[in-house]
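Reader: Hi! Could you walk me through this one before I set anything up?
Author: Happy to, here it is.
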Amino acid sequence: MANSDQGMTFPRLLAKHAAERGDRPATREKDLGIWQTWTWAQVAAEVRALACGLAAQGFRRGMHLAIIGDNRPRLYWSMTAAQALGGIPVPMYQDAPAAEFAYVLNDAEIAYAVVEDQEQVDKMLEAKPQVPTLEHIYYDDPRGMRNYDGVTSFDRLLEIGREFDRAHPDFFDTELEKGRPDDVSVMLYTSGTTGKPKGVRQTHSSFIDAARSGVAFDRLTSDEDVLSYLPMAWVGDHLFSFAQWMVAGFTINCPESAETVMTDLREIGPTYYFAPPRIFENLLTQVMIRMEDASAAKRWLFRHFTDVAKRCGAEILDGKPAPLGDRILYAIGNLLVYGPLRNVLGMSRIRIAYTAGAAIGPDLFRFYRSIGVNLKQLYGSTETCAAVCLQADGEIKFDSVGKPVPGVEVRIADNGEVLVRGPMLLKEYYKRPDATAESIDAEGYFHTGDAGFFDESGQLKIIDRAKDVGKLASGAMFAPNYIENKLKFSPHIREAVAFGSNREKVCAFINIDMGSVGNWAERRGMPYSGYTDLAAKPEVYTLIRECVEKVNAELAGEGALAASQVHRFLILHKELDPDDDELTRTRKVRRNFVAEKYAVLLDALYGGKGVQHIETQVKFEDGRTGVVAADLVIAEAKVFPAVDVRKAA
Amino acid sequence: MTAQRSIGDVVLQLDRISLSFGGVRALTAISCDVREHEIRAIIGPNGAGKSSMLNVINGVYHPQEGTITFRGEVRRDMNPHSTAAQGIARTFQNIALFKGMSVLDNIMTGRNLKMRATFLEQAIHVGRARREELENRHRVEEVIDFLEIQHIRKTPVGRLPYGLQKRVELARALAAEPSLLLLDEPMAGMNVEEKQDMCRFVLDVNEQYGTTIVLIEHDMGVVMDISDRVVVLDYGKKIGDGTPDEVRGNQAVIDAYLGVAH
């Protein structure tokens, strides 16, 4: 297989699947309550019609095609259709408001856009006055679209394509032949943690190469089932649901709607699964909440067997030795608890699951592994096709991200930054030669911007963003992300923002987790009216203080980081939100922006005040704005004397 | 928004309808009409007789005086069963769903009139019953898709929040494929976002299926935004009738809502 993929492009991979195994399922989508299947041959035919339709409408080689919407089969197919014509698909985050679209649409000089539904069409039309190039808009779901002028339905586009194909039968194949592996295959925008998003241009060969090494590494076959539910604009989804789909030829399954993902997961039972830690965490929180409400006998059973699993589950999964007694208990547990639990989570068939995108809590990670879900970590970014390091079966650790993928070189710079070289590197940032030159050095190493090191077993360990790693006034190392992640490992804390660079101590803003704390409050009979109210309760402060102090106790034992214990914190009166620019679309905290926006609060934290009044403008989902006001209490947390690591060890 | 939806002839005509409960006159000589494909709102302060009027159209209440003409047929009383058979469906102010049944089953009950199979056939699920079940389920799935409630398909209605229950009730009414839909305060008790969703659904139903809609609503913003014509009741009497703009400028209506100095 490796050899035959030389010189491949994605449209040719599709043609190959259609020719060699055309009757095998390629895509499924649940529609009107029933899973509909398209075979590779059908997908190839749709893509052909689509490509011809776009060509008939004037789409040419080198042009960009914006793709916006939830994971719909037709949107995935549009990517290959554009590629077949030598065009470049540009998937975008579907939940962004029109104003944010305008920037990316302009940056990419979008003239053609394929969007999911009325909601996205409305956003396109709203952005259009600021985007002079935007001319052609195609929509998949016709609902509510009767009275729109100047936009075309997907069905109509296919019709146009089929007519064009009949008139020019050789057109598609000729175009397909023109494609070269080093053509740009996709442009993915970075989430813009710092500054404006940048368009990352990847070629067919780099993405195919990245996909191929992943497929070989985990021995993925054409029989895998994948649930495609992560944003199509995210590099992770592009790798798992598009590149590896094309390379391995497995089946991707599109959920019925964003709300039904859990049900769809259970119905499909994917064998290969990818999710950011947040999703694993939400799943576990749901299970825990439901267990709290279960009968005493069930609770006992659950507690008892999760303890057994904690003791030996991970070892058994890794094929390491475990006492016979534990093995027997685990087998019973598997029958009574783990099996049914995996089934409820939709993870019965999972062979390989990956998590990436953020640090995962050790308890969370161990939990899934202990109940028999082969959860692993990987490391990568948009610029590296999400394929730098992978954890091999049997070499799993919660605090590292695995060894470099074959063919990829990883080096640690003197300042601790992780440098990467290999075939999966980006070609360039679009229209930003300065940024390209800045991030790829003379030796061809890409500067990831992450700080990390190799541990004793040769696995890469990421601590933080290199530029975020600072120093406290005392000179001790300060890695805010590291502290924030530790805080967020508590189910009660949803977001945390740590401050301390060039200051004498570390302080933090905290967002409580509404689901988890809300349930906690309900069980105690505590009434509350909403987030702001709940967050201000003294009982909640006590709860969060315990979480913070637990983290402090852990940090005290971590040598250089002992000075980073959180001295003072407050619980924010509103949830940090991408709509208010406080988080990126991938839900990473924009620390500097938050620090500026809440400067009063920051001053209060460091100024020793006990209470601070704040009023904040918020944007609601319907675009209106309102004001949230509160008097925030600032709490002190206990800090622990640093434990001498050598002595403790 | 209403460019392609053409409002047709009068389909429902109420002529001098009077209804009283003992000494209480709920409606006094009300006349009004509903045209094909339009969204017709009934507004008025509490106790104005809005729900009574809907109940008269639907055949739950029988007026003492007046006539109702529906699609050319003149009569004094409607009755709920035959109105349903004639294509009139409704939702209720205080949700009337089967709390213990799933959303899907609740909506399926809306298809009851379309089923011909006998009780026995349905019990053993053979022949006609099986085929009908498939057909009806397909139609129900379309409604589920239309109202975007796929994620709660199998959830018992009693476990759903209020806003979603309202939507399920609308789904059940739609499952009957009505030509005239009566909505009794579809947006009461909803937050802004839920109201917006509901407005969109009402407009979409009207546009996509061409369903004529009569709705009672308290939220003036909603009424003025989505309805073609509005009838205003106060103490059982009609005090205004016309387009939203006409009604807005009507002095009697302003007085009824804001009160007058006596």
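Author: One term before we start: two residues are in contact if their C-beta atoms, placed from the backbone, lie within 7 Å. With that, residues 24 or more positions apart account for 65% of the contacts in chain A with a separation of 6 or more.

Reader: Thanks! What should I know about the model and the numbering?
Author: This is a predicted model, where local features need pLDDT of at least 70, side-chain atom pairs count only at pLDDT 80 or more, and totals for chains, interfaces and linings use all residues. Residues are numbered from 1 along each chain as its sequence is written, while chains are lettered from A and ligands numbered from 1 in the order in which they are written.

Reader: What is the mean pLDDT of chain A?
Author: The mean is 90, and 97% of the residues of chain A reach 70 or more; pLDDT is the predictor's confidence in each residue, from 0 to 100.

Reader: And where does pLDDT stay under 50 in chain A?
Author: Over residues 645-649, for which the model has four contacts beyond four places in sequence.

Reader: How many helices and strands are in chain A?
Author: Chain A has 22 helices and 28 strands. These are DSSP runs, numbered from the N terminus: H or I of at least four residues for helices, E of at least two for strands.

Reader: Nice. Which residues of α11(A) are buried?
Author: They are A:Pro277, A:Phe280 and A:Glu281. Buried takes 20 or more other C-beta atoms within 10 Å of a residue's own, exposed 12 or fewer, and partly exposed is in between, with C-beta atoms placed from the backbone.

Reader: What covers the buried residues of α11(A)?
Author: The cover includes β13 (352-355) and α14 (362-370) of chain A.

Reader: Changing topic: what share of chain A counts as buried?
Author: Of its 649 residues, 49%. The C-alpha atoms of chain A fill a box of roughly 80 × 60 × 55 Å, taken along the principal axes.

Reader: And chain B, how many helices and strands?
Author: Chain B comes to 10 helices and 10 strands. Buried residues make up 37% of its 262 residues, and its C-alpha atoms fill a box of roughly 70 × 40 × 40 Å along the principal axes.

Reader: Last one: how many residues does each chain give to the contact?
Author: Chain A gives 12 residues and chain B gives 16 residues.
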